[in-house]
Amino acid sequence: VRELVRGVSALVVLLAVALGISVELAVILIVAPRLYPYCSRILKERLRSDYILNAHCLGISRARMIVNHLLPGLAPELGGLFSLSVVSALGVSVAVEVLGARSGLGQLAWRAAMDRDMPVVLAVTMLILLVVRFGTSTSDLLFAIARQQKNEKVPARSADSSSLRVA
């Protein structure tokens, strides 16, 4: 399956160059199929969760279930996944921009690497590092918020169990 995705990716790059498709569209067409299996797996796991089943059994509408229960739990994982896809997107943009003789960050990185212009290579590398780090930090923050909200929703048991005694 991975070889098929790589082959399709190469074909999309060639079509983007030959047909003059925009770099942004080519990047989306190549990166999205690579993200789909991971997103699909995460979504399927969450949909099988007990709290989603309970929400469905309680009669909560589908829209409310997605907005209030599903998306908050998915945001951290998807945020991390999308932040790491920036590196793939840059790799795709390099191929499309260089082969299609278009200007952009990929073309800049390629020219700097070929000309051994180390300050530019370092600047592009740091820019990518900052974007990925921002994405992973945001994902970590969302994980912490989701974990805190999950802990707050569980009612604390009181130390006094006298109310549970049968007279």
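1. Helices α3 and α4 are roughly antiparallel to each other, because their packing angle is about 155 degrees and angles over 145 degrees count as roughly antiparallel. Helix α3 covers residues 50-57, helix α4 covers residues 62-99, and their axes lie 10 Å apart. Axes here are lines fitted to C-alpha atoms over the stretch in contact, with angles running from 0 to 180 degrees between N-to-C directions.

2. The crossing of α3 and α4 is right-handed, meaning that the near helix is turned clockwise from the far one by less than a right angle. From α3, Tyr51, Ile52, Ala55 and His56 meet Met65, His69 and Leu70 of α4, contact being heavy atoms within 4.5 Å. By class, five residues in this contact are nonpolar, two are polar and none is charged.

3. The model is a predicted one, in which local features need pLDDT of at least 70 and side-chain atom pairs count only at pLDDT 80 or more, while totals for chains, interfaces and linings use all residues. Residues are numbered from 1 along each chain as its sequence is written, and side-chain values use heavy atoms, leaving out hydrogens and water.

4. The chain has six helices and zero strands, helices being DSSP runs (H or I) of at least four residues and strands runs (E) of at least two. Among contacts between residues at least 6 apart in sequence, 62% join residues at least 24 apart.

5. Of the 167 residues, 26% count as buried (under 20% relative accessible area, 1.4 Å probe, protein chains only). The chain exposes about 12,000 Å², with carbon and sulfur atoms supplying 66% of that area.

How values were computed: Angles under 35 degrees count as roughly parallel, over 145 as roughly antiparallel, 65 to 115 as roughly perpendicular and the rest as oblique. Ala, Val, Leu, Ile, Met, Phe, Trp, Tyr, Cys and Pro count as nonpolar, Asp, Glu, Lys and Arg as charged, and the others, Gly among them, as polar. Buried means under 20% relative accessible area, exposed over 50%, partly exposed in between (1.4 Å probe, protein chains only). Accessible areas come from the Shrake-Rupley method with a 1.4 Å probe; for residues, only the protein chains shown count as cover.
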